[in-house]
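Colleague: I'd like to learn how to read a model like this one, feature by feature. Could you take me through it?

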There are 2 protein chains.
Amino acid sequence: MEGDLAKSALHRGVGVALWRQIGDEIRRGIGAGLEDENGRLPPEAELAARFGVNRHTVRAAIAALIHEGVLRSEQGRGTYVRRQKRLTYPIGARTRFSAGLEGQVRERQIELLGHTHEPATATIATALDLRPSEDVIRLEMRGLADGVPVSRSTAWFPAARFPDIASYFAEKHSITEALALSGINDYRRASTTIEARHADDTDTRDLKLSPGAIVLVARGINVDGDGRPIQYSQTRFSADRVELTVSAG
Amino acid sequence: MEGDLAKSALHRGVGVALWRQIGDEIRRGIGAGLEDENGRLPPEAELAARFGVNRHTVRAAIAALIHEGVLRSEQGRGTYVRRQKRLTYPIGARTRFSAGLEGQVRERQIELLGHTHEPATATIATALDLRPSEDVIRLEMRGLADGVPVSRSTAWFPAARFPDIASYFAEKHSITEALALSGINDYRRASTTIEARHADDTDTRDLKLSPGAIVLVARGINVDGDGRPIQYSQTRFSADRVELTVSAG
DNA sequence: AACAATTTGTCCGTATGTATA
DNA sequence: TTATACATACGGACAAATTGT
């Protein structure tokens with residue numbers, strides 16, 4: 001069942017080139033028995049036979065994965081997987097996106113890409129329990145793990161209650177600490193919804209994804225001790241580099 | 001920000017046809033301001049201008065979405081969105097995949113596609129806290145909402161403890177009730193991990209997806225009142241038809 | 001009823017990209 | 001490298017259906 005590439009059929013004329021379908025299959029096969037204990041993939045000729053395609057087509061797939069940094073190949077030796085285990089992000093009542101990665105990465109960092117002061121859209125106003133068009137502050141952030149972009153998030157805060165959240169965040173590089181400076185010493189995640197879609201243009205740029213990559217989208221509302229909404233956020237994760245885990249409350 | 005298709009760039013030569021990229025954009029634009037209050041899309045000529053492509057290319061994208069059942073078009077009138085709101089599946093300690101859809105669909109159903117009695121793989125044995133190669137019973141199931149396939153799941157149970165789980169499930173069409181017949185009156189979801197990937201061949205067949213579609217994969221362990229693992233499961237959801245929600249414990 | 005404007009459906013041809021041998 | 005077949009993308013022209021005047 002695992003890593004069984006042989007049964008996987010390819011489809012022609014569906015708008016996705018064969019070499020790209022094969023690339024997706026190889027990506028999925030990695031870590032599921034496709035490579036050997038040394039991280040070496042089967043030779044191109046064998047892969048071509050398994051998929052039932054010409055060796056040139058497999059080479060195109062491998063070239064793309066090398067370009068993405070997933071594989072590396074050495075003439076005469078073979079093609080190898082660059083080790084990159086998926087990060088696991090915890091989701092739950094105590095979710096803090098900046099935390100929860102201990103032991104998984106050496107270095108993590110959240111960049112502030114920009115911030116605005118603007119009226120809330122209908123969606124945001126509802127989520128934050130504000131009057132329509134009441135002002136919010138929007139932060140645009142990017143999370144990196146060991147220098148690799150893994151998340152891209154947008155967060156909205158009620159401007160009246162958190163006028164200085166942007167500068168606090170710029171100073172501390174942490175939502176939890178920026179909220180603490182604003183007088184919020186505890187908060188929890190009231191709800192999170194998760195969906196998946198293809199990366200759009202912003203995603204491919206900010207997360208350094210290849211077009212056609214998949215992003216996991218997590219939308220959530222944080223509330224203070226009294227249950228009042230203090231933050232609405234939408235985070236896009238690279239589905240290749242991240243998985244989410246829901247721990248029992 | 002919402003429904004802003006104009007800024008979205010297309011990418012040539014990346015192995016994904018333009019018409020397919022445009023199809024993804026339209027799919028994403030639906031519900032975010034692309035269609036008007038009657039569910040009508042902008043005319044093909046206008047979409048072509050926005051995307052900077054030929055009308056034929058837009059037509060190819062629309063044809064694919066019509067084939068998928070997302071759109072419908074009428075000569076001389078326009079192209080319309082077939083209303084189909086995304087299902088929301090709750091994930092949490094009390095997760096029961098068969099439940100939680102009340103009010104969202106008229107009719108729901110879980111089919112048993114097959115079952116086996118087999119030795120556990122290393123992964124399964126670890127998850128269920130079994131000795132290596134101890135026997136498990138595997139159920140293959142498919143969930144439908146109003147006749148449309150939305151989930152495809154595989155569940156493993158310790159064979160020693162639940163010898164008749166397959167026949168119980170075949171009778172009741174519910175995991176909760178099948179476990180109840182096995183003497184488990186309460187259980188909870190200890191952990192869930194969520195990832196996203198492209199649909200493989202099995203997914204496209206069983207969930208009636210188009211090749212290149214996205215699936216959300218949820219892996220979870222259910223434990224009994226004493227915290228002993230009773231079930232490991234892996235469920236694939238069509239990302240187009242489903243979102244997951246994590247409610248606060 | 002008649003006509004114009006709008007929009008989708010179909011046909012032609014041509015150039016480029018993808019995949020095989 | 002070359003040749004071949006098919007999918008993709010473009011451009012234009014016109015037919016068919018619907019709506020508004």
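Colleague: Which residues does Arg241(B) touch, not counting residues up to four places away in sequence?

Modeller: Contact here means heavy atoms within 4.5 Å. By that rule Arg241(B) touches Arg86(B), Leu87(B), Val148(B), Pro149(B), Val150(B), Leu207(B), Lys208(B) and Leu209(B). A word on conventions: this is a predicted model, in which local features need pLDDT of at least 70 and side-chain atom pairs count only at pLDDT 80 or more, while totals for chains, interfaces and linings use all residues. Residues are numbered from 1 along each chain as its sequence is written, chains are lettered from A and ligands numbered from 1 in the order in which they are written, and side-chain values use heavy atoms, with hydrogens and water left out.

Colleague: Where is Arg241(B) placed, and which backbone oxygen does its side chain reach?

Modeller: Elements first: helices (H or I, at least four residues) and strands (E, at least two) are DSSP runs, numbered from the N terminus. Arg241(B) is in the loop between strand 9 (229–238) and strand 10 of chain B. A polar contact is a pair of N or O atoms within 3.5 Å; within protein, one must be able to donate a hydrogen and the other to accept it, and residues adjacent in sequence count only if both atoms are side-chain atoms. The side chain of Arg241(B) reaches the backbone oxygen of Leu207(B) at 2.4 Å. Along the chain, Arg241(B) and Ser151(B) are 90 residues apart, yet their C-alpha atoms are separated by 9.4 Å.

Colleague: Now the interface. What area is buried between chain B and chain A?

Modeller: The size of an interface is often given as the accessible area lost when the parts come together. Here buried area is the accessible area (1.4 Å probe) that two parts lose on being put together, summed over both. For chain B and chain A that comes to about 3700 Å², with carbon and sulfur atoms giving 56%. Ile194(B), His198(B) and Val246(B) supply 15% of the area that chain B buries against chain A, more than any other three residues. In residues, the contact takes 43 from chain B and 44 from chain A.

Colleague: How many salt bridges does the rule find across it?

Modeller: A salt bridge is a side-chain nitrogen of Lys or Arg within 4 Å of a carboxyl oxygen of Asp or Glu. The rule finds 4 across the interface of chain B and chain A; one of them joins the side chains of Arg86(A) and Glu195(B), at 2.7 Å from N to O. The interface also has 17 residue pairs in polar contact, both residues at pLDDT 80 or more. On the chain B side, strand 7 gives the most to the part that touches chain A, with 11 residues.

Colleague: Which strand of chain B is joined to strand 7 of chain A?

Modeller: Two strands pair if DSSP finds at least two bridges between them. Strand 7 (residues 187–198) of chain A is joined by 4 bridges to strand 10 of chain B, and the two run antiparallel. Within this pairing, Ser191(A) stands opposite Ser247(B).

Colleague: How many residues surround DNA strand D?

Modeller: There are 14, the closest being Leu18(B), Trp19(B), His56(B), Thr57(B) and Arg77(B). A polar backbone atom of Leu18(B) lies 2.5 Å from a phosphate oxygen of DNA strand D, and a polar side-chain atom of Arg77(B) lies 2.7 Å from a phosphate oxygen of DNA strand D.

Colleague: Last, the backbone. What is phi of Ser133(A)?

Modeller: Most residues other than glycine have a negative phi. Phi of Ser133(A) is positive, near 70 degrees, and Ser133(A) lies in the loop between helix 4 (122–128) and strand 5 (135–145) of chain A. Asp146(B) also has a positive phi, of about 50 degrees, and lies in the loop between strand 5 (135–145) and strand 6 (148–158) of chain B.

Terms used
Near = heavy atom within 4 Å.
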